[in-house]
Amino acid sequence: MVLLLIIADDFTGALDTGVQFTSRGIQTQVVVNPEVDFASHDTTVLVVDTETRHLPASQAYDIVARLTEKAHKAGVRYIYKKTDSALRGNIGAELAAALKGSGEKQLSFIPAFPQIDRVTRQGIHYIGGTPVAESPFGKDPFEPVRYSRVTELIASQCGLSAASLPALTGGESIPEDKQILVFDSESIEDLCRTGRQLAKEGRLGVLAGCAGFAAVLPELLGIDSGHFVPVPHLDPRLLVICGSVNPITTAQMDYAEQKGFRRMRLSPRQKLEPGYWQTEESRELLASIEEMLSKYPRCIIETNDQGSNQPTADYAAKLGIDRETLRVRIAGSLGQLVKGIFSSPSLGTILMTGGDTLLQCMNCLEVNELEPICEMEKGIVLARFTYGGHTRHIITKSGGFGQESLMTDLAERIANPVP
């Protein structure tokens with residue numbers, strides 16, 4: 001029977017939270033379908049990707065509320081609403097939905113991920129020391145974050161009352177007249193102390209936060225095995241598949257190219273033209289990609305234009321497609337590309353950036369479950385799945401974090417594993 005349900009709004013978020021359990025040897029399943037039959041899942045932890053990040057808030061609310069209520073009726077003891085560590089998506093609407101569906105009176109929300117320098121201080125959320133709305137996430141073309149004060153963000157998306165509170169140390173008075181309690185955290189110790197106090201007061205029934213707080217849940221729920229799963233041997237060849245426009249990821253690709261990665265950019269037509277991946281030209285493109293992979297052990301295929309993305313914007317305008325269709329179509333083109341080369345003997349380990357990219361790859365391959373294995377480093381998840389008789393290791397990360405040298409660091413690590 002499922003002990004803990006984790007509800008994520010995108011695929012990379014589902015993985016970077018689920019891996020906090022699989023990496024400790026805890027039985028965990030990650031699925032992409034909010035219509036879950038809980039009786040059919042024999043696992044301790046079930047992670048469901050609802051794909052609600054880009055939906056209208058009211059639609060996201062309905063999906064999360066139904067799933068939470070269904071879990072509550074099925075006897076799932078703990079529910080964790082996984083949120084983005086940069087506060088993207090329908091945060092307020094989905095917290096309200098999780099609270100309603102759970103039947104509880106209050107929901108504790110710990111949004112920080114101090115392990116990667118994303119902290120909440122006096123109610124304001126910071127990314128690398130910068131208030132989130134002033135960071136690159138505030139300028140995201142698809143989902144800009146407008147508020148740095150977490151309670152203001154919640155108020156903009158739902159009608160529930162929220163209070164901002166310091167990290168718990170024991171003995172604090174918690175307001176009973178507020179429905180969402182937002183706790184500061186600036187360190188792992190803050191996460192642990194707050195979590196232990198919430199456990200002591202019996203407040204673990206419904207919680208929210210990102211992978212940061214999820215990392216302390218195994219201990220709080222008494223299911224920590226006490227050991228970590230090691231990184232398995234990986235194919236030393238690395239292909240980066242990037243559908244992210246985040247400047248952090250762009251800088252990582254620029255650095256990797258300077259260090260010898262071969263880089264290919266898809267053209268606006270290759271990204272957006274309906275039916276392109278059924279043409280003879282697409283077959284020639286896939287053949288050229290396989291040739292590139294056979295010659296170069298470290299490659300990048302990305303969807304950003306050289307210099308700026310104006311050529312793609314102009315092509316989208318010519319086709320008459322809106323921004324949401326643009327986002328989905330670009331991710332879908334990468335999915336078709338991966339499907340076309342998945343069985344190639346020249347393909348090694350894959351690094352994918354962005355939840356949209358990963359999901360569309362899974363959709364094109366008609367695979368709805370991925371097995372997270374462990375973390376390569378914080379926020380960087382190693383997973384695997386099988387398609388057409390071929391099992392591939394996939395390294396996943398969201399578009400918005402990681403050091404500039406991340407791609408080259410990972411390439412070196414898999415090529416020269418530590419015994």
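Which helix gives the most to the lining of the largest cavity? Helix 1, covering residues 11-22, does, with 3 residues. Before going further, please keep in mind that this is a predicted model.

Let's stay with that cavity for a moment. Its volume is about 80 Å³. There are 15 residues in its lining, and those closest to the centre are Asp16, Lys82, Asp84, Ser85 and Ser398. Sorted by class, the lining of the largest cavity holds 7 charged residues, along with 4 nonpolar and 4 polar ones.

The count of cavities of 30 Å³ or more comes to 4. The second largest cavity contains about 50 Å³ of space. By class, the lining of the second largest cavity has 7 nonpolar residues, 3 polar and 2 charged.

Now back to helix 1, this time for its packing. Helix 1 and helix 13 lie with their axes 7 Å apart, at an angle of about 95°. Angles of 65 to 115 degrees count as roughly perpendicular, and therefore helix 1 and helix 13 are roughly perpendicular to each other. On the helix 1 side, the residues that meet helix 13 are Phe11, Thr12 and Leu15; on the helix 13 side they are Gly355, Leu358, Leu359 and Met362. This contact has 5 nonpolar and 2 polar residues, and no charged ones.

Helix 13 also leads us to an open space. The largest pocket holds about 640 Å³. Its lining takes in 34 residues, with Phe142, Gly243, Ser244, Val245 and Arg327 closest to its centre. Helix 11 (310-319), helix 12 (323-341) and helix 13 (355-365) are the elements that give two or more residues to the lining. Which of the elements gives the most to the lining of the largest pocket? That is helix 12, with 5 residues. In terms of class, 16 of the lining residues are polar, 9 are nonpolar and 9 are charged.

Helix 12 turns up again at the next stop, the second largest pocket. The volume here is about 300 Å³. Of the 19 residues that line the second largest pocket, Gly89, Asn90, Glu143, Pro144 and Gln157 lie nearest its centre. The elements that give two or more residues to this lining are helix 4 (150-157) and helix 12. The lining of the second largest pocket divides into 7 nonpolar, 7 charged and 5 polar residues.

Follow helix 4 from there to its neighbour, helix 3, which spans residues 91-102. The axes of the two helices come within 7 Å and cross at roughly 75°. That angle makes helix 3 roughly perpendicular to helix 4. The contact joins Ile91, Gly92, Ala93 and Leu95 of helix 3 to Leu153, Ile154 and Gln157 of helix 4. By class, the contact of helix 3 with helix 4 comprises 5 nonpolar and 2 polar residues, with no charged ones.

Let's finish with the strands. Strands of a sheet pair through backbone hydrogen bonds, in either a parallel or an antiparallel arrangement. Strand 2 (residues 28-31) has a parallel pairing with strand 3 (residues 45-49), over 4 bridges. In this pair, Thr28 stands opposite Val45 of strand 3. Strand 2 also pairs with strand 16 (residues 369-377), here in the antiparallel sense and over 2 bridges. Val31 has Glu369 in strand 16 as its bridge partner.

Elsewhere, an open sheet of 3 strands runs in the order 6-7-8 with antiparallel pairing. Why is one side of strand 6 and of strand 8 left without a neighbour in the sheet? Strand 6 (118-121) and strand 8 (130-131) stand at the edges, so each has a single partner strand. Strand 7, residues 124-127, pairs with strand 8 over 2 bridges in the antiparallel sense, and Tyr126 has Pro131 in strand 8 as its bridge partner.

Notes:
Residues numbered from 1 in each chain as written. Predicted model: local features only at pLDDT ≥ 70, side-chain atom pairs only at ≥ 80, totals over all residues. Heavy atoms only, no water. 1 Å grid on protein atoms, 1.4 Å probe; cavity = no way out; pocket = protein on both sides within 12 Å on 5 of 7 lines; lining within 4 Å. Points joined across faces, edges and corners; volume = space filled by probe spheres on them. Nonpolar A, V, L, I, M, F, W, Y, C, P; charged D, E, K, R; others polar. Pairing = 2+ DSSP bridges. Axes fitted to C-alpha atoms, helices over the stretch in contact; angles between N-to-C directions. Parallel < 35°, antiparallel > 145°, perpendicular 65-115°, else oblique. Contact = heavy atoms within 4.5 Å.
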